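Subject: Structure handover

Hello,

I am passing on the structure we spoke about. Please look it over, then read the notes below it.

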Amino acid sequence: MAENGTVVMEFILMGFQMQAELQMGLFFVFLVLYLITMGGNLGMIMLIQSNACLQTPMYFFLSHLSFLDIGYSSVIVPQLLESLHTDKMVITYERCVTQFFFFTLCASTECLLLAAMAYDRYVAACNPLLYATAMTPQTCLGLVAGAYAGGMLNSVIRTGCTFSISFCKSNYVDFFFCDLPPLLKLACSETRLRERVIYLLAFLVITTSISVILISYLFIIWAILKIHTVDGKAQTFFTCASHMTVVAFFFGTLIFIYLKGNMGKSLREDKIVSVFYTVVIPMLNPIIYSLRNKKVKEALKKALERMRVPK
């Protein structure tokens, strides 16, 4: 319902509300970042699929990480670019629900996938002789399927709880996409029970994933300490360094947005952090894995050599 008592059929995304010159500058910056995101993640998927040396569990998970980065970046960034170009943007109720659903699906699945990747690194570091037996294709497929199933369940419940709320205060969303904190500010019906369910689900997904990651890395650190040679310690550490970097960026921003005490009270601050995890992090992930991973760099070098046109 809107202020005049009619049913809300559309929302107006207010975006960043800044001077036109600054908005056009941001438009080109975000456009370049989005193109790098698409190129980097698509390139990573193609590289993994085309190189026999990368047909291992770690890179199987990495290809799905790139797929999810493409997904939730594409759900948000094109609309962000449109809102920067037009100053504000009208989005239908159905499109808002769809965006909310797929964004939650991709973000939740990525949380769980990063936990599965941590388990993979734990097995590789602590049980290297049993790695091939433990991380079979069926096991890897089961872990990825479990991540998608958990993300889907969270997305269905979270979307259902959010859009069963009556919106009657306004249809102006002070954000650049349909996210939970700005939508809750428009609610005129009782939201406490739904908010508790939503927050509980977010808490379970994030804390479960972080718990698996922390436990895995505690065992990895213990395994590294038992290695006698410096080279051996360094090699084991660097196989996990890329994943640790991605985890720190991704979960740090999610915790700031969704588990902080003043959720939704500082939307300007939330916008800045949301830009980081919807625009910047999906771009950084393939770069992090490329710069820190010898096999990826070698595979990329071979792929570039094959693409060279002979003189």
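The notes below go through the sheet, the core, the ring pairs, the cysteines and one serine.

The model is predicted, so local features were taken at pLDDT of at least 70 and side-chain atom pairs at pLDDT 80 or more, while totals for chains, interfaces and linings use all residues. Numbering starts from 1 along each chain as its sequence is written, and side-chain values rest on heavy atoms, with hydrogens and water left out.

Sheet

Helices (H or I, at least four residues) and strands (E, at least two) are DSSP runs, numbered from the N terminus. Two strands count as paired if DSSP finds at least two bridges between them. By these rules there is an open sheet of 3 strands in the order E2-E1-E3, with mixed pairing. E2 and E3 are at the edges with a single partner strand each, so one side of each has no neighbour in the sheet. Strand E1 (residues 10-13) pairs with strand E2 (residues 89-92) in the antiparallel sense, over 4 bridges. In that pairing, Glu10 is opposite Thr92 in E2. E1 and strand E3 (residues 172-173) run parallel and are joined by 2 bridges. There, Leu13 stands opposite Val173 in E3. As background, strands of a sheet pair through backbone hydrogen bonds, either parallel or antiparallel.

Core

A nonpolar core here is a set of buried Ala, Val, Leu, Ile, Met, Phe, Trp, Tyr and Cys residues joined through side-chain atoms within 4.5 Å. Buried means under 20% relative accessible area, exposed means over 50%, and partly exposed lies in between (1.4 Å probe, protein chains only). The largest nonpolar core has 82 residues, and Phe11, Phe30, Leu114 and Leu183 have the most contacts inside it. For Leu114, the contacts (heavy atoms within 4.5 Å) are with Leu65, Ile213, His243, Val246, Val247, Phe250 and Phe251, leaving out residues up to four places away in sequence.

Ring pairs

Rings of Phe, Tyr and Trp (its six-membered ring) pair if their centres lie within 6.5 Å; planes under 30 degrees apart count as stacked, over 60 as edge-to-face and the rest as tilted. The count by this rule is 18 aromatic pairs. One of them is Tyr93 with Phe163: the ring centres are 5.7 Å apart and the planes are at 85°, so the pair is edge-to-face. Tyr93 lies in helix H3 (residues 93-126) and Phe163 in the loop between helix H5 (137-162) and E3, so this pair ties together parts 70 residues apart in sequence. Tyr93 is partly exposed at 22% relative accessible area, whereas Phe163 is buried at 12%.

The rings of Phe101 and Phe102 also pair, with centres 5.2 Å apart and planes at 85°, so this pair is edge-to-face. Phe101 is buried, with a relative accessible area of 19%, while Phe102 is partly exposed at 37%. Ring pairs also link Tyr72, Phe103, Phe175, Phe176, Phe177 and Tyr277 into a cluster.

Cysteines

Taking a disulfide as a pair of cysteine sulfur atoms within 2.5 Å, the model has 1 disulfide. Cys96 and Cys178 form this disulfide, with their sulfur atoms 2.0 Å apart. The torsion about the S-S bond of Cys96 and Cys178 is about -125°, so the disulfide is left-handed. The pair links distant parts of the chain, with Cys96 in helix H3 and Cys178 in the loop between E3 and helix H6 (180-184), 82 residues apart. Cys96 is buried, with a relative accessible area of 0%, and Cys178 is buried, with a value of 0%.

Cys126 is in no disulfide, and the nearest cysteine sulfur, that of Cys240, is 8.7 Å away. Cys126 is partly exposed at 25%. The sulfur of Cys161 is 16 Å from the closest cysteine sulfur, in Cys96, which is too far for a bond. Cys161 is buried at 15%.

A serine in H2

Ser63 lies in helix H2 (residues 57-86) and is buried, with a relative accessible area of 8%. A polar atom of the Ser63 side chain lies 2.6 Å from the backbone oxygen of Phe60. Apart from neighbours within four places in sequence, Ser63 is in contact with Ile45, Ile48 and Gln49.

Regards

Terms used
Polar contact = N/O pair within 3.5 Å; in protein donor to acceptor, adjacent residues only side chain to side chain.
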